[in-house]
Amino acid sequence: MVSKMTNLLSTLHLNLRTLLSNLFSHLTSLFFSLLSLTHTLLIVLGFTRPNQWEPPTFLDSLLYSPLLHLTTNLYQTLLFLRGHPFHPPPHHSRIRVVCLSDTHSLRPPSIPRGDLLIHAGDLSATGTFDDLQDQISWLSSLPFRHKVVVGGNHDCFLDRASSIHRTRGQKEKRKLDWKGVVWLQDELTTLEFEDREVGGKRKLNIFGSGWVRRCGGDDFAFQYDDERPPWEGRIPVETDVLVTHCPPKGHRDLLLGCPSLLAELWKVKPKLHVFGHVHHGAGVESVFFDECQAAYEGLVLRTAAVEMSMLKRWFDFQGLKYALSVLRHGLRSVLWKWIMAGPGSNNGGVLVNAGVMKGNTGRLRKGRGTVKVVDL
């Protein structure tokens, strides 16, 4: 009798555990289904973005990190108040640099006049020989003293490691005719420009590279894993203009840029850094390489760290020190500018995300200011 009772209780216990386990499993499945449905509804209503390549909404920014959202807006306001990070050399002819990126086989209808044309990658949409050759021929026809390009992740033919070379066979062994366009891949070139004011020449050292953080399959070009970034010690210190396809972390990149590239930027401090890749990041931003910028980037890198959970990002008291440092150093720099009526040290630079695509629509943006111009 006791044995039967024990077996009965054991069976009941086992059935109860199974029932509770199934119930928990169903409730968990229901919870995640409701969560997914809510997320989909928020995307449809425009309250949150569908993916990381779209600009974050206000709700996205608050959910990610209220502190970073507020500090980013503060930092951008301080940059606006500080004005130009440098002035071109006085009594010399300015070198007008026209910046493009991410044309994806399309051609902007209007290209401003200038001395140097820079294309920061993703010339083509398909990455094939014919697609690239067509874009090179178009660039070559434009009336500039010099034209410089780097590859992008879509420019597969330029990268021998891309699977396009394994799948398309002998046809892809043709050589591109660059027609005077300078293609740089981990290379430095020195270009000369006529100085019409005092005579002689002005020179620019330009370093270019198409490397980009891995974002696709083997058919994409110039990709690297985050564990093995290619930037350390690669960019010469004499570089005046840096051209990469990948953005530096925290600057016009939707937080998709590379922290290793950002570290090299501080070592080299070029007057101009042109990049692309993140279409929604298009625009121009000043860099001063000072305490204010270092504090802002410190908060960005801290917030974007893998080990930072949502709860930690919401209540990041250590990060608050970075935010207060941005405010303190930024206000001091603004007051210095107003009192001295100048740009401060004149040792800053300009970052240009030169993308001309209208977001991720596959269409070019229209209107004045689509193509960015910088005077050096």
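**View 1. I118 and its bridge partner in strand 3 of the predicted model.** The partner of I118 in strand 3 is V148. Strand 3 covers residues 146–149, and its pairing with strand 2 is parallel, with four bridges. Strand 2, helix 4 (residues 129–141) and strand 3 together form a β-α-β unit, which is right-handed.

**View 2. Strand 2 beside strand 1.** Strand 1 (residues 96–100) also pairs with strand 2 in the parallel sense, over four bridges. Here V98 is found opposite L117 of strand 2.

**View 3. The two faces of strand 2.** In a regular strand, side chains alternate between the two faces of the sheet. Are the side chains of strand 2 (residues 116–119) buried or exposed? L116 and I118 on one side are buried, and so are L117 and H119 on the other.

**View 4. Helix 3, residues 66–82.** This helix has 17 residues and spans 25 Å from its first C-alpha to its last. That is close to the 24 Å expected at 1.5 Å a residue. Its buried residues include L67, L68, H69 and T71. Further along, Y75, L78, L79 and R82 are buried too. Just after the helix comes G83, with a positive phi of about 75 degrees.

**View 5. K249 in a loop.** The loop lies between strand 9 (241–244) and helix 6 (259–268). K249 is buried but has no salt bridge. Which side chain of opposite charge is nearest to K249? It is D253, 5.3 Å away, whereas a salt bridge needs the atoms within 4 Å. A polar atom of the K249 side chain lies 2.7 Å from the backbone oxygen of L255.

How values were computed: Residues numbered from 1 in each chain as written. Predicted model: local features only at pLDDT ≥ 70, side-chain atom pairs only at ≥ 80, totals over all residues. Heavy atoms only, no water. Buried < 20%, exposed > 50% of the residue type's maximum accessible area, 1.4 Å probe, protein only. Pairing = 2+ DSSP bridges. Right-handed = clockwise from strand over helix to strand, strands pointing away. Expected span 1.5 Å × (residues − 1). Lys, Arg positive; Asp, Glu negative; His and termini not counted. Polar contact = N/O pair within 3.5 Å; in protein donor to acceptor, adjacent residues only side chain to side chain.
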